[in-house]
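These are my notebook entries on one structure. I set down what I looked up, entry by entry.

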Amino acid sequence: MSVFFLHPIYLFGLLTASLPILIHLLNRRRLKRVRFPAVRFVLLSQKRISRSYRLRHWLLLALRTLAVIVLALLLANPIFQTGAGLFAGGGPVSLVVLLDNSLSMTWSGDGDGFKRAKEAARLLISSLNDGDRAGLIPTNISGKESFRLKQEKDVLLKELDEIEIADGTANLAAALGKAYELLNEPAEQKEIRLVTDLALTGWDQFSISSLKQYDPSIPLKTIRIGNKQPPLNGTIREVRLGSQGIGVNLPLHLEAIVTNFGDQEIKELLVQLTIDGQTKEQKLTSIQPRGETSVAFQTRLSRPGGHAGQVSLKKEGLAGHPTAYFGLDAQDKVKVLIVDGDPQTSLVQSETFFLSRALDPTGEQQSSVYLPTVIIPDGLNAASLDSYQVIVLCNVATLSDPAVAKIQNFLRQGGGLLVFGGDRLQSENYNVKLVQSSPPVLPVQLREKKLGPEAGADKVAKLDLTHPALLGFSDAILQESLKSARVWGYSRISASGKSVLIALANGDPLLVEQRVGNGRVLFMTTSADRDWSDLPVKTAYLPLIQSLTHYLAGGKRGVMDSGIPVGTAKEIFLPPSAVGKILRISKPNKQEAEVSVNAEKDRASASFQENDRAGIYRLALPAEVAKEAGTPQLYAVNPPFLESRLDSISEAELQMKLNPVRVEVIPVDALQQGGTRTDLALPLLVLLIVTLVLEGWFAQRI
C-alpha cells in the first residue's frame, strides 16, 4: 500500500502552517507590572482563571494551524492505494515493466511461471491510461540494447508476445540500469515494476553499486511469481569422461553428476544417455535431499569425428533443467610403424617389447587407440608409409638412401618420426643420412656414446611441461616417476639452440625436437628397452610413449567438450592458413552466424559471442582449412548450473541489496485482484469544515 498526491506542488502550502504561530507570538501583550497591595486578592483569583484561559488559547492556536495544514493537503489531493494497480488520474505516468525471462521462470509458479509473468505484465500494460507511457524490458539482456517509453498499448503488447524464455540467468544490473535511463525523462509519476520469481542466482550476482545511476525516489514494486508447494528440484551438474581418450570402437566411459537442490528425496529418477539422437543407455537412481549422486554409462562410438551427446533426466514434476549437452570428438586408430633394430627370438628380450606394450597394453586391437606394427629394418624399404601416422626407429643401425627418401616424404606430408638410440645405432650413418641431408631430418649432430655402470646412472632433472607433448605430466606422481628413472647409456648430441624437452641432471639432453615440413621429429638419446635405462619399467613410461605418439600424430586425440555456460564467448583456434577466412556457426535453433578468423601469434583464432541458447553448436570450416585444422566440428553450451536452483531471496535481503531504493514485494495474486484506491479529498474537506467550526466557536468563547 502507498499514499501519493495528485497535485504535490500544493504541499509547499504546509509551510504556511507556521503563520498562526508567528501571529500569535507577535500579538502577545507586553504589560508593565506595578504591584498594588489592595488588589493582591483580586490577582490571586485571576491567576486561577488564567490557567483555563491559556488552555483554550492553545487549543485555538492548534485548530488554526490544523486548518492551514488540512487545506494544503486538500489542495494536493492525496490518494491512498493498496494492492499493485497503476496510479489513477492526476497526470501522466511513466512506467517501466521489467519482465524476468531467465530460465528459472520455467519452473516457478507451479510450472507455468513465465506464462503467469506474461499475464501480469499484460495486465499492467492494459491498465495504462491516456497520456501514460511505458517501457518493457526483459531481464536477460547484455545491456547494449536500446529501449524507449511508448504510449501505444498494442505495440507494447506485441513486444510482450515476442519475449521468449532464455537459457541464462537474469542480468538484473543491466535491466535496472536501462529502467533508470528511461525514467530520466520528466514525468509527474514514475514507477518500476519487476515481475520475477526472485530467484537467488540472479540476485547473488547483483549489487546496487553496479548501477551507473539510480533514483531512490522512484518506487520499485516487485510482482512475485511463486510456487504454492515446493517441487522436486534437481539437475545435472556435469558430465565427465571416465576413460583415457576417445577412439573408434573403444570402450567409452561417461559419468553424470546429478544434484538435488530440494528438501525432498528424488526417487526413481530416470537418467538417459543419448548420442547422435540415439538412446545408448538409461538407468534409475535416487538422490537424497540437498545431495548428489553419480550415474555411470559405458558405450562405443562407431565412427571418427564429432558426436553430439546429452544426458537427460526424466521424471514428472521435476523442476530444473533436465538436459546436459556435451560434444565428443572420436579419433580413428593411430597406426604406428615400429622398426626393431635388434630383433630377438624371445619377445620379452626384443628391442620393441616395452614400446609396443605401452601403445597396446592388452595386445588386443579393440582395446587401444594405437595400432602398432613391428617390422625389421630390411622391411622398411618395401613398406608403404601412407597408411601410418607415426614411424618409430628403435636402435636401427643404418638407413639406406631409399628409406631416407621415404621418411623425408613422410614428414613433408605431416607424419611423425620418433628415433631411439642404442648400441647398434651408427652415429656416422645418421649424421650423413639424416643430419646432413636436405632437408635435415634429425635435429642434432650425434657424437660419441656415453656408457657407464648402472650404479653410476644419471637421473632426469628437467621437463618442459609447457610443451604439448608433455602436458600430461603436470601430475606430480607422473613427474616423480619420470624423474626417478636412471639412465646409464645414451648418445651425446650437439643440441645448442634446439628444443630440449627432457634433460638429465648433468645437463645432457635426453629428448629433443625438430619440425620437418608439416611433420615432427623427436630424438630420444637412450634406448627403448632396458639396455641403457630403467625408464621402460617406470609408471611414467606408458603415458610418456602414448603422449609422444599422440603429439607426433598431429595432436588429433579424441577429446570431450563438457560445454560452456550460456552467454560465455567460445574461443576457436585454427591453423595459420585460416587467417582471413569466414567461420560459419549453426546454432541449436538452426539460425546461422558468421565470425571472421584473425591471426594470433603463430595460429589463427575466432571468438564467437552469441552463445545464448543451450544445445550443440556446429562449425563449418572452409574446405581448404577443414582437413588441416583438426578442430572439433561442434561444441556444447549449457545453462548455468545454479539457474536450476529454485531458492529465492527474502524480502529483507532484497531490501538490503537495493538500499536506498524503496522496494515492495507484492504477490502476483494481488495484482490480479487489482487493489483499491481511496480519494482522501472528501475526508479532508469534512475535517477542514469541522476544524473551522471549532475554531470559530472557540474564538467566540475566548
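I began with the burial classes: a residue is buried under 20% relative accessible area, exposed over 50% and partly exposed in between, with a 1.4 Å probe and protein chains only. By that rule, Asn506 at 36% relative accessibility counts as partly exposed.

**Entry: basis of the values.** I note that this is a predicted model, in which local features need pLDDT of at least 70 and side-chain atom pairs count only at pLDDT 80 or more, while totals for chains, interfaces and linings use all residues. Residues are numbered from 1 along each chain as its sequence is written, and side-chain values use heavy atoms, with hydrogens and water left out.

**Entry: the chain as a whole.** I looked up the secondary structure and found 15 helices and 36 strands. Helices (H or I, at least four residues) and strands (E, at least two) are DSSP runs, numbered from the N terminus. Of the 702 residues, 48% count as buried. The chain exposes about 34500 Å², of which carbon and sulfur atoms supply 53%; accessible areas come from the Shrake-Rupley method with a 1.4 Å probe, and for residues only the protein chains shown count as cover. I then turned to contacts, meaning heavy atoms within 4.5 Å. Among contacts with a separation of 6 or more, 76% come from residues 24 or more positions apart.

**Entry: the cavity.** How many cavities of 30 Å³ or more does the structure hold? I found one. A cavity is a set of points, on a 1 Å grid over the protein atoms alone, where a 1.4 Å probe fits but cannot get out; lining residues have an atom within 4 Å of a point. The grid points are joined across faces, edges and corners, and a volume is the space filled by probe spheres set on the points. The largest cavity has about 50 Å³ of space. I recorded its lining, which includes Asp100, Ser102, Thr169, Asp197, Trp203 and Glu643. The lining divides into four nonpolar, five polar and three charged residues. In this scheme Ala, Val, Leu, Ile, Met, Phe, Trp, Tyr, Cys and Pro are nonpolar, Asp, Glu, Lys and Arg are charged, and the others, Gly among them, are polar.

**Entry: helix H3.** What span should the 14 residues of H3 (residues 113-126) have at 1.5 Å a residue? The expected span, 1.5 Å times one less than the number of residues, is 20 Å, and the end C-alpha atoms are 20 Å apart, which agrees. Among the buried residues of H3 are Phe114, Arg116, Lys118, Leu124 and Ile125.

Entry: Leu417 lies in strand S18 (residues 416-420). Is Leu417 buried or exposed? I list Leu417 as buried because its relative accessible area is 0%. Beyond its neighbours within four places in sequence, Leu417 is in contact with residues including Ile391, Leu393, Val441, Leu522 and Leu552. Its C-alpha atom is separated by 8.9 Å from that of Gln389, 28 residues apart along the chain. In helix H9 (residues 427-435), the buried residues are Ser427, Asn429, Tyr430, Asn431, Leu434 and Val435. They pack against strand S17 (390-394), helix H8 (401-412), S18 and strand S19 (445-451).

**Entry: loop residues.** Asn506 is placed in the loop between strand S23 (499-504) and strand S24 (509-516). Leaving aside neighbours within four places in sequence, Asn506 is in contact with Lys450, Asp458 and Tyr490. Asn506 and Asp458 are 48 residues apart in sequence, yet 7.2 Å apart from C-alpha to C-alpha. Gly554, in the loop between helix H11 (541-552) and strand S26 (559-561), is partly exposed at 31%. Gly554 and Gly415 are 139 residues apart in sequence and 7.7 Å apart, C-alpha to C-alpha.

**Entry: backbone exceptions.** Most residues other than glycine have a negative phi, and most peptide bonds are trans. I noted a cis bond joining Ser438 and Pro439, with omega about 0°; Pro439 is in the loop between H9 and S19. The bond from Asn659 to Pro660 is also cis, with omega near 15°. Asp276 has a positive phi near 55° and lies in the loop between strand S9 (266-275) and strand S10 (278-287). Arg290 has a positive phi near 55° and is found in the loop between S10 and strand S11 (292-299). Asp276 is partly exposed at 36%, and Arg290 is partly exposed at 46%.

Methods
1 Å grid on protein atoms, 1.4 Å probe; cavity = no way out; pocket = protein on both sides within 12 Å on 5 of 7 lines; lining within 4 Å.
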